[in-house]
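Trainee: Could you go through this one with me, starting with the helix packing and then moving on to whatever else stands out?

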Amino acid sequence: MDRATRKQRKKEERAKRRAGRKQSVLVQEFWNLPNMLTLGRILLIPVFVWFTYDADPFYSLMAGVVFAVAAITDVVDGYLARKWNLITVVGKFMDPLADKLIVMAALVMMVRLGRIAAWVVIVLLARELIVSGLRTIAASEGMVIAAGQEGKWKTSLQLVGVISLCVHYVHPLDLGFRVVTVDYNLVGKVLVYLSGAFSVWSAVVYFRAFLAMLARRGGGTDTQNA
């Protein structure tokens, strides 16, 4: 048997072994549409940052569009994961990570452009770190702190506020019955300030729920709505 034949046989044997090898659970969980949408949201971050470097009206508008698309995919991937029963460990890790990364990138860039005060961003990011830490500790103790209505209001106000801050400039808005001029930076600031208030409120609710769980761990359920 010549050398070329031996190399060909070895190549075929390696191909058979690879074909017969079972994919890991993580790889199997990763390849579904909800997780692909989540990955796409992460890949949009450098595109968004690129648009925010040039603060002219067109690029600001495009940054707002990119952020809005990311927010929509967040809703869509969650809906599809629940509808198709594709809730996976990978998805549980990637989805909140993608949300926090793009919001953090947006807030940092808004501070860089002078469109929002730094202290507001510090409050919002501190809240995320505190709540994430509480949830991690609670999960390690077998407890679950569910998201409350104030947290959902915080998220909604924050997303719309960030989109408005990205657009930034004064643009006409056609309401159908009349055209109004909207200062998107002002609208964004008001909404982000409101989201900051809801952030502090929800963090207090989370902390109280966590303390209540610890106080009654010995008897009763470990699930509390916050």
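**Helix packing, cores and backbone**

Mentor: Keeping in mind that this is a predicted model, begin with helix H4 (residues 57-83) and helix H7 (residues 149-167), whose axes come within 7 Å and cross at roughly 160°.

Trainee: Which residues make the contact?

Mentor: On the H4 side they are Ser60, Leu61, Ala63, Gly64, Phe67, Ala68 and Ala71, and H7 answers with Leu159, Val162, Ile163, Cys166 and Val167.

Trainee: And how does the contact of H4 with H7 split by class?

Mentor: Ten of the contact residues are nonpolar and two are polar, while none is charged.

Trainee: Switching to the core, how many residues does the largest nonpolar one have?

Mentor: The largest nonpolar core has 22 residues, and Phe48, Phe67 and Ile116 are those with the most contacts inside it. At least two residues each come from helix H3 (33-53), H4, helix H5 (89-112), helix H6 (118-140) and H7.

Trainee: Which helix gives the most to this core?

Mentor: That is H5, which supplies seven residues.

Trainee: What is Phe48 in contact with, leaving aside its neighbours within four places in sequence?

Mentor: With those neighbours set aside, Phe48 is in contact with Ala63, Val66, Phe67, Ala105, Ala106 and Cys166. Ala63, Phe67 and Cys166 also belong to the contact between H4 and H7.

Trainee: New topic, the backbone: what is phi of Asn85, and where is Asn85 found?

Mentor: Phi of Asn85 is near 55°, which is a positive value in a residue other than glycine, and Asn85 sits in the loop between H4 and H5. For context, most residues other than glycine have a negative phi.

Trainee: Is Asn85 buried or exposed?

Mentor: Asn85 is exposed, since its relative accessible area is 65% and the cut-off for that class is over 50%.

Trainee: And what about His168, what is its phi?

Mentor: His168 has a positive phi of about 70°, although it is not a glycine, and it lies in the loop between H7 and strand E2 (170-174). With a relative accessible area of 21%, His168 is partly exposed, because buried would require a value under 20%.

Notes. Residues numbered from 1 in each chain as written. Predicted model: local features only at pLDDT ≥ 70, side-chain atom pairs only at ≥ 80, totals over all residues. Heavy atoms only, no water. Axes fitted to C-alpha atoms, helices over the stretch in contact; angles between N-to-C directions. Helix = DSSP H or I, 4+ residues; strand = E, 2+ residues; numbered from the N terminus. Contact = heavy atoms within 4.5 Å. Nonpolar A, V, L, I, M, F, W, Y, C, P; charged D, E, K, R; others polar. Core = buried A, V, L, I, M, F, W, Y, C linked by side-chain atoms within 4.5 Å. Buried < 20%, exposed > 50% of the residue type's maximum accessible area, 1.4 Å probe, protein only.
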